[in-house]
Amino acid sequence: MIRNGHGLAGGAEQPGPGSRPAVRVWCDGCYDMVHYGHSNQLRQARAMGDYLIVGVHTDEEISKHKGPPVFTQEERYKMVQAIKWVDEVVPAAPYVTTLETLDKYSCDFCVHGNDITLTVDGRDTYEEVKQAGRYRECKRTQGVSTTDLVGRMLLMTKAHHSSQEMSSEYRAYADSFGKCPGGRNPWTGVSQFLQTSRKIIQFASGKEPQPGDTVIYVAGAFDLFHIGHVDFLAKVHGLVERPYVIAGLHFDQEVNHYKGKNYPIMNLHERTLSVLACRYVSEVVIGAPYAVTAELLDHFKVDLVCHGKTEIMPDKDGSDPYQEPKKRGIFRQIDSGSDLTTDLIVQRIIKNRLEYEARNQKKAAKELALLEAMRQQEEPPARGGHSA
């Protein structure tokens, strides 16, 4: 059981009379396929100051410098806004971070991870602010990256789950795709993230429900925490004036039982951090039972149990896992307005990455052919033999 703060954006305390000025911090990025590594970066950045502003690049800018994103800019803005350490989101932030941008938003400095981000022409996007001494670095979260997650998603492909043998070409592609610098093969499907109690404490802020709060319980896998989850949790959070939302996360084996294939993509520890980072969640139950029992409802003094529009799979004995809250008249099905599911997200991500790789290979082949043609033009014609 992990308690979490549930203040909303803009809740940063303003300094009182005579106190030091608030330190305003700037972060920016694509924030495509947001995961707990991004959340941890923003947590660290927020800890360096009093107010965190996050700039998010447009689809057009990302396509120009990196290739088309998986999620739309509107989806990415909403995902970043849902991270509890973010006080303000700036849409359409420039890809290159300049002093002009920091000054425009009255930010003292910007924060980025200890990796280099380059423009399409190979320039460091933080060069100007680094030279001006208005750049800070934070540690990257070990064991997770977008590439690593995509590597795990390749396990969801049709070829992997069918009884047919995978083609040698596809296997070679998959073996090379998503390898981290250490060369770990993503086909193992094993997360390299190591959970610690310290990391959980860093993500959890420990607020208990107060008199007058409405305790709402939701449960699920919350795998690859995405915009569909955010829409649902935001809707649940907005049901009452003083919500205290408890999210029950099922064990990996339980998720695999009702989801099948190679789900969950993220293990329980990773899913815990992902949900804890969400501003709409107050507490997380790690390894919650699949059935919402009377004991659970009484222990947490639950006032309301919510579930989305996705199909409710029966428990192992065939019973309805929500029969107890339904019997008590405290069950409510919520339409978040979003039809995105983890399955659809996985399909979208794999399609995007495969198309991106195909474009890169086609582009490389064209460049190679052009270079070969230029080389042949530059070579002097072969000399003929001397006449007698």
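**Exercise 1. Determine how the lining of the second largest cavity divides by class, and then which residues lie nearest its centre.**

Solution. The lining of the second largest cavity has ten nonpolar, three polar and no charged residues, where Ala, Val, Leu, Ile, Met, Phe, Trp, Tyr, Cys and Pro count as nonpolar, Asp, Glu, Lys and Arg as charged, and the others, Gly among them, as polar. A cavity is here a set of points on a 1 Å grid over the protein atoms alone where a 1.4 Å probe fits but cannot get out, and lining residues have an atom within 4 Å of a point. The lining comprises 13 residues, of which Val 34, Ser 39, Met 79, Phe 225 and Ser 274 lie nearest the centre of this cavity. The space in the second largest cavity is about 110 Å³, a volume being the space filled by probe spheres set on the points, with grid points joined across faces, edges and corners.

Before going on, note that this is a predicted model, in which local features need pLDDT of at least 70 and side-chain atom pairs count only at pLDDT 80 or more, while totals for chains, interfaces and linings use all residues. Residues are numbered from 1 along each chain as its sequence is written, and side-chain values use heavy atoms, with hydrogens and water left out.

**Exercise 2. Describe the largest cavity by volume, lining and contributing elements.**

Solution. The structure holds two cavities of 30 Å³ or more, and the largest has a volume of about 140 Å³. Its lining consists of 18 residues, with Met 33, Val 34, Phe 71, Leu 224 and Phe 225 nearest the centre. Helix H3 (73–81), helix H6 (146–153) and H15 each give two or more residues to this lining, helices being DSSP runs of H or I with at least four residues, strands runs of E with at least two, both numbered from the N terminus. H3 gives the most, with three residues. By class, the lining of the largest cavity has 13 nonpolar, two polar and three charged residues.

**Exercise 3. Is Val 215 buried or exposed, and which residues is Val 215 in contact with, leaving aside its neighbours within four places in sequence?**

Solution. Val 215 lies in strand S7 and has a relative accessible area of 5%, so Val 215 is buried. Leaving aside neighbours within four places in sequence, the contacts (heavy atoms within 4.5 Å) of Val 215 are with Pro 209, Tyr 244, Ile 246, Phe 300, Lys 301, Val 302, Asp 303 and Leu 304. The C-alpha atoms of Val 215 and Lys 301 are separated by 7.0 Å, although these residues are 86 residues apart along the chain.

Terms used
Buried means under 20% relative accessible area, exposed over 50%, partly exposed in between (1.4 Å probe, protein chains only). On a 1 Å grid over the protein atoms alone, a cavity is a set of points where a 1.4 Å probe fits but cannot get out, and a pocket is an open set with protein on both sides within 12 Å along at least five of seven lines; lining residues have an atom within 4 Å of a point.
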